[in-house]
Amino acid sequence: MTPTTPARAEPNSAPRRLTLEARRHAGLRWIGAVAFVIATIGLLLSIGLWVTGAAQGGLVMLGVATTGLSLGTFGLHNDTALALMHRAGPQALDDDARAELAAEPDPRALAALAPMPRLALGVTVIALGLHALLLTRLTAALGG
């Protein structure tokens, strides 16, 4: 058995690492999708409370921020996953990931995507924190 040099081992492990990270972000994007639906309901409720005079306009703005960051969470994780899949190459991907890349309307745009895993995770944490704040404020406005 011959030892492998780090330079030789890196090209084989890099696509696998990129593929694993892409799968993680592809899964995390659904947190953003669910959070967007929940935030939209919170936004509509806050608008209703504001119109009836049960809450101030700041609650509506909190709902807008929460909805926007939830959508941003989905978008950042989605773009990060696609960028990582593109960098890993089709040979390193499973059939689902290959199909997802093939379904992109402009394959040239994939090359322009920049993966931003830290930003995606940071925005997710902030969005979830805003969800907690929105829930607290909505509960208070509803008299609970």
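Me: In which helix does T124 lie?
Reply: This is a predicted model, in which local features need pLDDT of at least 70 and side-chain atom pairs count only at pLDDT 80 or more, while totals for chains, interfaces and linings use all residues. Residues are numbered from 1 along each chain as its sequence is written, and side-chain values use heavy atoms, with hydrogens and water left out. Helices are DSSP runs of H or I with at least four residues, and strands are runs of E with at least two, numbered from the N terminus. On that basis T124 falls within residues 117–141, which form helix α5.

Me: How many helices does the protein chain have?
Reply: From the N terminus on, the elements run α-α-α-α-α. With zero strands, the count of helices in the protein chain is five.

Me: Is T124 buried or exposed?
Reply: Buried means under 20% relative accessible area, exposed means over 50%, and partly exposed lies in between, with a 1.4 Å probe and protein chains only. The relative accessible area of T124 is 8%, so T124 is buried.

Me: Which side chain does a polar contact of 2.8 Å join to that of T124?
Reply: Contact means heavy atoms within 4.5 Å, and, leaving aside neighbours within four places in sequence, T124 is in contact with I31, T73 and H77. A polar contact is a pair of N or O atoms within 3.5 Å, where within protein one must be able to donate a hydrogen and the other to accept it, and residues adjacent in sequence count only if both atoms are side-chain atoms. The side chain joined to T124 at 2.8 Å is that of H77.
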